[in-house]
Amino acid sequence: MAKSGAAGFMLAIRWVGVMLINALLLPATVLSKNRALGSLTLLWCLGAALALIVNTGQAEVLIPSTTFFFFYIPHTLEVAVPVLLFTTGQIRFDFRTTPLTVALTMGIYTAVHFANLALNRYVQANGILNYFGEIAQINYMYSLSPEGNPLLELFWRIIPHPYWYMYGAIPLIVLYLGLIWCIAKPAARRNRGKTEDELATVK
């Protein structure tokens, strides 16, 4: 496969993930007001933030490059848009949906893992190169390895096996959603109080 074709393939795969977050999940969350989707959106927002902050694999990428554009800009939007929607009350959240949120996340993670395996077989069979001229490895949601991510390497040391090591993140997921609930619950109470006061004034 030509180098330009390989680059196009890699960018197309990257944008599939971006579209799932920005074009499907966020509008569905806002329009449906579904609390489980709200929890899922805020959880995936954390994943994008960690990818930006502690992803050493992208640290040496040049700013004026397609890699920079297709990695940092989408991930920044995946953080900024949910935070904005949450702070303006467009995303509803309930800690009681945490078991469903974790189950959905791990289910999607499992599907992505098998997609990674299938895509890597295709990449190796067709000699598709990454931006550094090496055989590319598709590793979305880091199901195959931590790729130098310090936080994920901690889970890897506990469970040193592809796919399974990420289950070590579940306690942190529950803790993170619990912290958001501690922040969101008082604000929700204040908003309910204001609404009740306004209704009482109208009557």
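Helices here are DSSP runs of H or I with at least four residues, numbered from the N terminus. With that settled, a reminder that this is a predicted model.

I'll start with helix 4, residues 98-126, where Ile-108 is found. Helix 4 has 29 residues and spans 41 Å from first C-alpha to last, close to the 42 Å expected at 1.5 Å a residue. Its buried residues include Thr-98, Val-102, Met-106, Tyr-109, Val-112 and His-113. Ile-108, by contrast, has 30% relative accessibility, so it counts as partly exposed. Just after the helix, Gly-127 takes a positive phi of about 60 degrees.

Next, the surface. Met-141 sits in the loop between helix 4 and helix 5, the latter being residues 150-158. Met-141 is partly exposed because its relative accessible area is 32%.

Now the backbone of that loop. Most residues other than glycine have a negative phi. Met-141 has a positive one, near 60 degrees. Tyr-142, in the loop between helix 4 and helix 5 as well, also has a positive phi, about 55 degrees, and is not a glycine. Is Tyr-142 buried or exposed? At 15% relative accessibility, Tyr-142 falls under the 20% cut-off and therefore counts as buried.

Key: Residues are numbered from 1 along each chain as its sequence is written. This is a predicted model: local features need pLDDT of at least 70, side-chain atom pairs count only at pLDDT 80 or more; totals for chains, interfaces and linings use all residues. Side-chain values use heavy atoms; hydrogens and water are left out. Helices (H or I, at least four residues) and strands (E, at least two) are DSSP runs, numbered from the N terminus. Buried means under 20% relative accessible area, exposed over 50%, partly exposed in between (1.4 Å probe, protein chains only). The expected span of a helix is 1.5 Å times one less than its number of residues.
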